[in-house]
Amino acid sequence: MIITICLVIFGIIGTTMMTIFSFIYSFITNYSFNEPNLLNYVLVTSEFLFLRRLGEQQIIGWIFHYLIGIAFAYLYYKGIDIYDFDSTLPNGVLYGIILSVLGISGWACLLFKNFPIPDIYFKGFFFHLILAHLVYGLSIAVCFEFLFF
């Protein structure tokens, strides 16, 4: 039970740090890379009526965003558990790189299947995803290294 609570908290911390980074990056570059809003866009432009209705609720993108972050915290924990590696900052960077590949692939599939394709600067968005997932990976590693193990 305590592990589950920690994983939820660590997922929330990692996702929050990543989101703060995204807001700062968007402010500095003058491009809006707001993942929860893009998740809502994917839902609103879906072929399925129930998903379109879900997307109209702006909170749903935020809920999905944080649920994904919690799921990735769980996967990090399982990696530590199964492969018996330590939660270190270099492992956090490696995890962030892995997640950035998954994130870019996932977003490419989600965004390019929608019509109209959202009006965002894709090279900048995908570069931002690499950096944001590095922030997430480092945040998760710090949580596990200093707060859990």
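Colleague: Why does His-128 count as buried?

Modeller: Its relative accessibility is 0%. Buried means under 20% relative accessible area, exposed over 50%, and partly exposed in between (1.4 Å probe, protein chains only). At 0%, His-128 is under the limit, so it counts as buried. This is a predicted model: local features need pLDDT of at least 70, side-chain atom pairs count only at pLDDT 80 or more, and totals for chains, interfaces and linings use all residues. Residues are numbered from 1 along each chain as its sequence is written, and side-chain values use heavy atoms, without hydrogens and water.

Colleague: What makes the link between His-128 and Glu-35 a polar contact?

Modeller: Their side chains are joined at 3.3 Å. A polar contact is a pair of N or O atoms within 3.5 Å (within protein, one able to donate a hydrogen and the other to accept it; residues adjacent in sequence count only if both atoms are side-chain atoms). The 3.3 Å between His-128 and Glu-35 is within that limit. His-128 lies in helix H6, residues 122-148. Helices (H or I, at least four residues) are DSSP runs, numbered from the N terminus.

Colleague: Which residues does His-128 contact, leaving aside its neighbours within four places in sequence?

Modeller: They are Phe-21, Ser-22, Tyr-25, Phe-33 and Glu-35. Contact means heavy atoms within 4.5 Å.

Colleague: Why is Ser-26 called buried?

Modeller: Its relative accessible area is 12%. That is under the limit, so Ser-26 is buried. Ser-26 lies in helix H1, residues 2-29. Its side chain reaches the backbone oxygen of Tyr-31 at 3.0 Å. Not counting residues up to four places away in sequence, Ser-26 touches Tyr-31, Ser-32 and Phe-33.

Colleague: Is Thr-16 buried or partly exposed, and why?

Modeller: Thr-16 has 27% relative accessibility, so it counts as partly exposed. Thr-16 also lies in H1. Its side chain makes a polar contact of 2.8 Å with the side chain of Tyr-66.

Colleague: Why are H1 and H4 called oblique to each other?

Modeller: The axes of H1 and H4 (residues 59-83) cross at roughly 120° and come within 8 Å. Axes are lines fitted to C-alpha atoms, for helices over the stretch in contact, and angles run from 0 to 180 degrees between N-to-C directions. Under 35 degrees is roughly parallel, over 145 roughly antiparallel, 65 to 115 roughly perpendicular, and the rest oblique. An angle of roughly 120° belongs to the rest, so H1 and H4 are oblique.

Colleague: Which residues of H1 and H4 meet?

Modeller: From H1, they include Phe-10, Thr-16 and Phe-23. From H4, they include Trp-62, Tyr-66 and Tyr-77. The residues of this contact divide into 13 nonpolar, six polar and no charged. Ala, Val, Leu, Ile, Met, Phe, Trp, Tyr, Cys and Pro count as nonpolar, Asp, Glu, Lys and Arg as charged, and the others, Gly among them, as polar.

Colleague: How do you know that helix H2 is mostly covered?

Modeller: Seven of its ten residues, 35-44, are buried. Among them are Glu-35, Pro-36 and Leu-38.

Colleague: What makes H2 oblique to H5?

Modeller: H2 and H5 pack at about 40°, with their axes 9 Å apart. That angle makes H2 oblique to H5. The contact joins Glu-35, Leu-38, Leu-39 and Val-42 of H2 to Trp-107, Leu-110 and Leu-111 of H5. By class, it has six nonpolar, no polar and one charged residues.

Methods. Helix = DSSP H or I, 4+ residues; strand = E, 2+ residues; numbered from the N terminus.
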